[in-house]
Amino acid sequence: MKKILNILLGVLMAVTAILMIYAVATGGSEAAVSLNLIWGYFLFAAAIAAAIFCAIFGMIKNPAGIKGTIVSVALILIIVGVSYFYSASHTVNIIDLQNNGVFSHGETVITETSILVTYVAFVAAFLTAIVTEIRGAFK
């Protein structure tokens, strides 16, 4: 199984490299960029499907881990909810240069919510890395 996954990883990396070279060689043509975007969306969807499959498979193999999964999902929903309500509570004017105006409130709420969730994820990843290294140093 591991050999098959390594071959699949190699194929995915080769396709990615070929598409990147194609985009650079054509000077960033619209067709090359579109193809790279479609490939990126495919990889993103495959990653989400793999994560969901692995989570479900892990819960089936180890039912004790369901509690941790539920806590993680609840924490993510709380972070997204708090970010959304914070973003919706005030107005941010983001200039829309294409239409010589500002974006609507709904668009700015989604944008600011996404940014806040990303900040929280970066801080959580940073703190997790530091705590893990400190814990490993004391073992």
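Between which two strands is the loop that holds Asn100?

Modeller: Asn100 sits in the loop between strand E1 (95-96) and strand E2 (101-102), where helices (H or I, at least four residues) and strands (E, at least two) are DSSP runs, numbered from the N terminus. Before going further, please keep in mind that this is a predicted model, in which local features need pLDDT of at least 70 and side-chain atom pairs count only at pLDDT 80 or more, while totals for chains, interfaces and linings use all residues. Residues are numbered from 1 along each chain as its sequence is written, and side-chain values use heavy atoms, with hydrogens and water left out.

Two things can be said about Asn100 itself. Its backbone has a positive phi of about 55 degrees, although Asn100 is not a glycine. Most residues other than glycine have a negative phi. Asn100 also has a relative accessible area of 72%, and therefore counts as exposed; the classes are buried for under 20% relative accessible area, exposed for over 50%, and partly exposed in between, with a 1.4 Å probe and protein chains only.

Helix H4 (residues 105-138) includes His105.

Leaving aside residues within four places in sequence, His105 is in contact (heavy atoms within 4.5 Å) with Ser87, Ala88, His90 and Thr91. Thr91 and His105 are 14 residues apart in sequence, and their C-alpha atoms are 6.6 Å apart.

A second region lies at the start of the chain. His105 and Leu12 are 93 residues apart along the chain, and 39 Å separates their C-alpha atoms. Leu12 is among the residues that line the largest pocket, together with Leu5, Leu8, Phe42, Leu43, Ala46, Ala47, Ala49, Ala50 and Cys54. The elements that give two or more residues to this lining are helix H1 (2-25) and helix H2 (30-61), and H2 supplies the largest share, seven residues. A pocket here is found on a 1 Å grid over the protein atoms alone, as an open set of points where a 1.4 Å probe fits, with protein on both sides within 12 Å along at least five of seven lines, and lining residues have an atom within 4 Å of a point. About 230 Å³ of space lies in the largest pocket, the volume being the space filled by probe spheres set on the grid points, which are joined across faces, edges and corners. The lining divides into 10 nonpolar residues, no polar and no charged, where Ala, Val, Leu, Ile, Met, Phe, Trp, Tyr, Cys and Pro count as nonpolar, Asp, Glu, Lys and Arg as charged, and the others, Gly among them, as polar.

Thr16, also in helix H1, is in contact with Trp39 and Leu43 once its neighbours within four places in sequence are set aside. The C-alpha atoms of Thr16 and Leu43, 27 residues apart along the chain, are separated by 9.7 Å, and Thr16 is partly exposed, with a relative accessible area of 24%.

At the other end, Lys139 lies in the segment after H4 and is exposed, with a relative accessible area of 79%. Its C-alpha atom is separated by 48 Å from that of Leu35, 104 residues away along the chain.

Finally, some values for the whole chain. A compact globule of 139 residues would have a radius of gyration near 14 Å, whereas the protein chain has 21 Å; this radius is taken over C-alpha atoms, and the globule rule is 2.2 Å times the number of residues to the power 0.38. The C-alpha trace spans about 55 × 45 × 35 Å along its principal axes, and buried residues make up 8% of the 139 residues.
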